[in-house]
Amino acid sequence: MRLALSLGRRGQGQTAPNPAVGCVIVKGGRIIGRGWTQPGGRPHAETVALAQAGDAAREATVYVTLEPCAHHGKTPPCTDALVAAQVGRVVIAALDSDPRVDGAGIAKLRAAGIAVETGLCGHEAEADLAGFFLKTEQGRPFVTLKLASSFDGRIATGTGESQWITGPDARRQVHAMRARHDAVMVGGGTARHDDPSLNVRGLGDVRQPARVVVSRRLDLPLLGTLARTAKDIPVLLCHGRDADPMLQQAWRDLGAELLPCNARGAQLDPNAVLQQLGAHGLTRVFCEGGSALAASLIEADLVDRLVGFTAGLTIGAEGLPNIGALGLGQLSEGARFELVSLTRAGDDICHVWKRPRPH
């Protein structure tokens, strides 16, 4: 099952809106088939593994990270393929909460006389598939908030200079992280100031994540990098319903897709933004700031994972903080995360934190 989990992770950022599933087929102590959900979400992991196993799949044991689908979508149900292959046993890590499945896959397998076991490495599978579950159950994607900052928590000097606070090793890791998400998201201020491309570079031929910009007024550079490349890599613009209609049309003409969102005060409601992205089929979003967007997501309790890259550089109080004002009066009001890992990235430190499990 741990091999199936590692295979499933290969599909992260490539399969939305489908989950990134891994599958391993074993017979006589030997692996005879393995697969993971392919780019675009099909074929599914079980189909790939069964094709590799061929006739040898009969009476074999199948390890799969998510309950096999039992409904007809753009492909036939994986349960039908497993039954047709006459496998002997299916071991499932996590159950599928999609109402179209939700136990129906297991029931179909058992009705065909196939032994089914569940829960093996369940916590790991649920963590890997958290974006799929969040979209299914809450209508929003999993959010990773990445912040690259100086030792004293600044993302730019007082004059706005920000390139580069962290070194090349940290930046390479960021590109790998982008590739494992369905979209890269920034606020309008970052898009205006940095003119970012938000694409994946240096990793060869990979499926590029969508680029998301959150801008209530839609006052973004019409001659910038995102505008020039909107027809090459998807650009999704989350904007206020009162944004200038001429700007809306200009961005549509450039090839961007516009997602109108409700506002909350002077900013867009982060819940509304994520609901729109979930409705668009996104399951994993990699947010790279800026400070106002980071603060709004944290304040709304919508950050599932924090990734920090910290450099051995001090900028001082006049620099721009990595997270905007939260209006906290007491420490107990602050969001607490659990440390996952702490590693070196060249001359910088990478620290990863997760939302704590409810007690």
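**Note on a predicted protein chain**

1. Gln86 sits in the loop between helix 3 (78-84) and strand 4 (89-94); helices (H or I, at least four residues) and strands (E, at least two) are DSSP runs, numbered from the N terminus. Phi of Gln86 is near 60°, which is a positive value in a residue other than glycine. Gln86 counts as partly exposed because its relative accessibility is 40%; the classes are buried (under 20% relative accessible area), exposed (over 50%) and partly exposed in between, with a 1.4 Å probe and protein chains only.

2. A word on the basis of these values. This is a predicted model, in which local features need pLDDT of at least 70 and side-chain atom pairs count only at pLDDT 80 or more, while totals for chains, interfaces and linings use all residues. Residues are numbered from 1 along each chain as its sequence is written, and side-chain values use heavy atoms, with hydrogens and water left out.

3. Now the overall build. The protein chain contains 12 helices and 18 strands. Its C-alpha trace spans about 65 × 45 × 40 Å along the principal axes. The radius of gyration is 22 Å, which agrees with the value near 21 Å that a compact globule of 359 residues would have. That radius is taken over C-alpha atoms, and the globule rule is 2.2 Å times the number of residues to the power 0.38.

4. Next, surface and contacts. Of the 359 residues, 50% count as buried. The accessible surface of the protein chain is about 16900 Å², and carbon and sulfur atoms hold 52% of that surface; areas come from the Shrake-Rupley method with a 1.4 Å probe, and for residues only the protein chains shown count as cover. Among contacts (heavy atoms within 4.5 Å) with a separation of 6 or more, 72% join residues 24 or more positions apart.

5. On charge, the protein chain carries 39 positive and 36 negative side chains, and the centres of the two sets are 4 Å apart. Lys and Arg count as positive and Asp and Glu as negative, while His and the chain ends are not counted. Each charge is placed at NZ of Lys, CZ of Arg, CG of Asp or CD of Glu.

6. Thr15 belongs to the loop between helix 1 (2-9) and strand 1 (22-27). Thr15 has 3% relative accessibility and therefore counts as buried. A polar atom of its side chain lies 2.8 Å from the backbone oxygen of Asn18. Leaving aside neighbours within four places in sequence, the contacts of Thr15 include Thr37, Gln38 and Arg207.

7. Is Arg217 buried or exposed? Arg217 counts as exposed, because its relative accessibility is 58%. Its place is the loop between strand 9 (210-214) and helix 9 (225-229). Not counting residues up to four places away in sequence, Arg217 touches Ala243, Asp244 and Leu247. The C-alpha atoms of Arg217 and Ala243 are 4.8 Å apart, although 26 residues separate them along the chain.

8. Glu288 lies in the loop between strand 14 (284-287) and helix 12 (291-299), and is buried, because its relative accessible area is 16%. Its side chain makes a polar contact with the side chain of Lys146 (3.2 Å). A polar contact is a pair of N or O atoms within 3.5 Å; within protein, one must be able to donate a hydrogen and the other to accept it, and residues adjacent in sequence count only if both atoms are side-chain atoms. Gly290 is in the loop between strand 14 and helix 12, and the bond joining Gly289 and Gly290 is a cis peptide bond with omega about 5°.

9. Another cis peptide bond runs from Gln163 to Trp164, with omega near 0°. Trp164 is in the loop between strand 7 (154-156) and helix 7 (168-179).

10. Helix 11 covers residues 270-279, and its buried residues include Val273, Leu274 and Leu277. At its start, a side-chain oxygen of Asp269 comes within 2.9 Å of the backbone nitrogen of Asn271. Just after helix 11, Gly281 has a positive phi of about 100°.

11. Cys121 is not a glycine, yet has a positive phi of about 60°. Cys121 falls in the loop between strand 5 (115-118) and helix 5 (122-128), and is buried, because its relative accessible area is 13%.
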